[in-house]
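Biologist: Before we discuss any labels, could we look at the model together and go through what each term rests on?

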Amino acid sequence: MRGNDGRLTAYALTSGGLLRWTETRAGGPEWTGPVFFPAPGVEDISLAQGANGYVHFFGRRLKGKGPAAFPEVVHAIQYQSGRPLTEWTGVGNPHGKVERAAHMGAPVAAVSASGTVHVFVRNAAGGVCVRREGAKGAWLPWGDMRGGGGQDGLAVGALQSGRIEVLVTGANCAMHWSQAHNDGDMERRPNLRVTPAPGSATMVETGPDRVTFYWTDLATGAVQAYRPGGWVIPLGATPAEGRHAVVRTLIDHYDCIVLAHRALDGGVVLAACGTENEQAGVWWSLTGESSAHQPALACDARGRLVMAVIGAAGELRIARQGQEPGLVLEQAVSV
């Protein structure tokens, strides 16, 4: 993620907490880290960033011990690049009884244009519940967005208008919610007759207040793109499990979408296409990197594409876009 000072920060899960690397200056190439931040007992950690640059961390942690242990959502914040995290604080559980609370899914969050933090979880019925941070910092009550049969791996994102979109994989469909306006209610949209592989879906804003979803199709194992109101567009490739990395950027002055994922053999592959022009074709190419985890993408302070992977020894490896025309990354280096 890129902070308000332009520096990129990379995060990775490790035993008992998080590792963090930070560029020493905007645009790199040097980095500091890894710095370890303890998160004892916190699982299923996810991140969301607001327009103010604050990075919000959400996870799931058991409160208490034994049969009465109650899972709750917990929250921490990094206010500036390179600064410490706040303490983890409880956000609660949409269910009041342990039997149902135990089925709460992994939290995923988004921050609206106004700075309102929304955290979403799959509930015991397979629907979705949301909790928002109030104007004075206190959390408002949980809201039930309904639905059923949903799986973990929610795809959640905020658009520049502030509207939030949510996609949840179901048994034979995908459930879709969105806001009509910034900080409005989450409204249920018609189910999509698609079957994304659980945890593979991601999204990016590809037009004014318009989103495109990307996922791995459960039936074919191939990548697909979809814009609400349009058709599913096949993109080929055979990714391994996990979420796709996606970023919108300029390549040779053209507005493009760049996708990356880990292939079945562990190699990291990359592709680009014109924004909202996937039907013209997407060509996947090997990067020469391999990883046990899915890669991440971002743009640095100079507008260059940056790809991050975790190497075989657990080290962070960074490949940055070079000076050559087209989508060409320089050789990755360990930091």
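This is a predicted model: local features need pLDDT of at least 70, side-chain atom pairs count only at pLDDT 80 or more; totals for chains, interfaces and linings use all residues.

Biologist: What makes Cys 173 a residue in no disulfide?

Modeller: A disulfide requires two cysteine sulfur atoms within 2.5 Å, whereas the nearest cysteine sulfur to Cys 173, that of Cys 129, is 18 Å away. A search of the whole structure finds zero disulfides.

Biologist: Why is the sulfur of Cys 273 too far from the closest cysteine sulfur for a bond?

Modeller: The closest cysteine sulfur, in Cys 256, is 7.3 Å from that of Cys 273, and the cut-off asks for sulfur atoms within 2.5 Å, so this pair is too far for a bond. Cys 273 also counts as buried, because its relative accessibility is 5% and the limit is under 20%.

Biologist: Why is Arg 2 called partly exposed?

Modeller: Its relative accessible area is 40%; since buried means under 20% and exposed means over 50%, Arg 2 lies in between and is therefore partly exposed. Arg 2 is found in the segment before strand E1 (9-14), and its side chain reaches the backbone oxygen of Cys 299 at 2.9 Å. Leaving aside neighbours within four places in sequence, the residues in contact with Arg 2 include Gln 49, Cys 299 and Asp 300. The C-alpha atoms of Arg 2 and Gly 53, which are 51 residues apart along the chain, are separated by 7.5 Å.

Biologist: Which strands stand at the edges of the open sheet of four strands, and why?

Modeller: The order is E8-E9-E10-E11, with antiparallel pairing. Strand E8 (108-111) and strand E11 (143-144) each have a single partner strand, so one side of each is left without a neighbour in the sheet.

Biologist: How do you know that strand E10 and E11 pair?

Modeller: Pairing needs at least two bridges between the strands, and strand E10 (residues 128-132) and E11 are joined in the antiparallel sense over two bridges, so they pair. The bridge partner of Val 130 is Gly 143 in E11.

Biologist: Which residues have the most contacts inside the largest nonpolar core?

Modeller: That core has 15 residues, and those with the most contacts inside it include Val 247, Val 258, Leu 297 and Leu 305. Among the elements that give two or more residues to this core are strand E20 (245-251) and strand E25 (305-310). Apart from it lies another core, of 14 residues, among them Ala 110 and Trp 177.

Technical notes
Residues are numbered from 1 along each chain as its sequence is written. Side-chain values use heavy atoms; hydrogens and water are left out. Buried means under 20% relative accessible area, exposed over 50%, partly exposed in between (1.4 Å probe, protein chains only). Contact means heavy atoms within 4.5 Å. A polar contact is a pair of N or O atoms within 3.5 Å; within protein, one must be able to donate a hydrogen and the other to accept it, and residues adjacent in sequence count only if both atoms are side-chain atoms. A nonpolar core is a set of buried Ala, Val, Leu, Ile, Met, Phe, Trp, Tyr and Cys residues joined through side-chain atoms within 4.5 Å.
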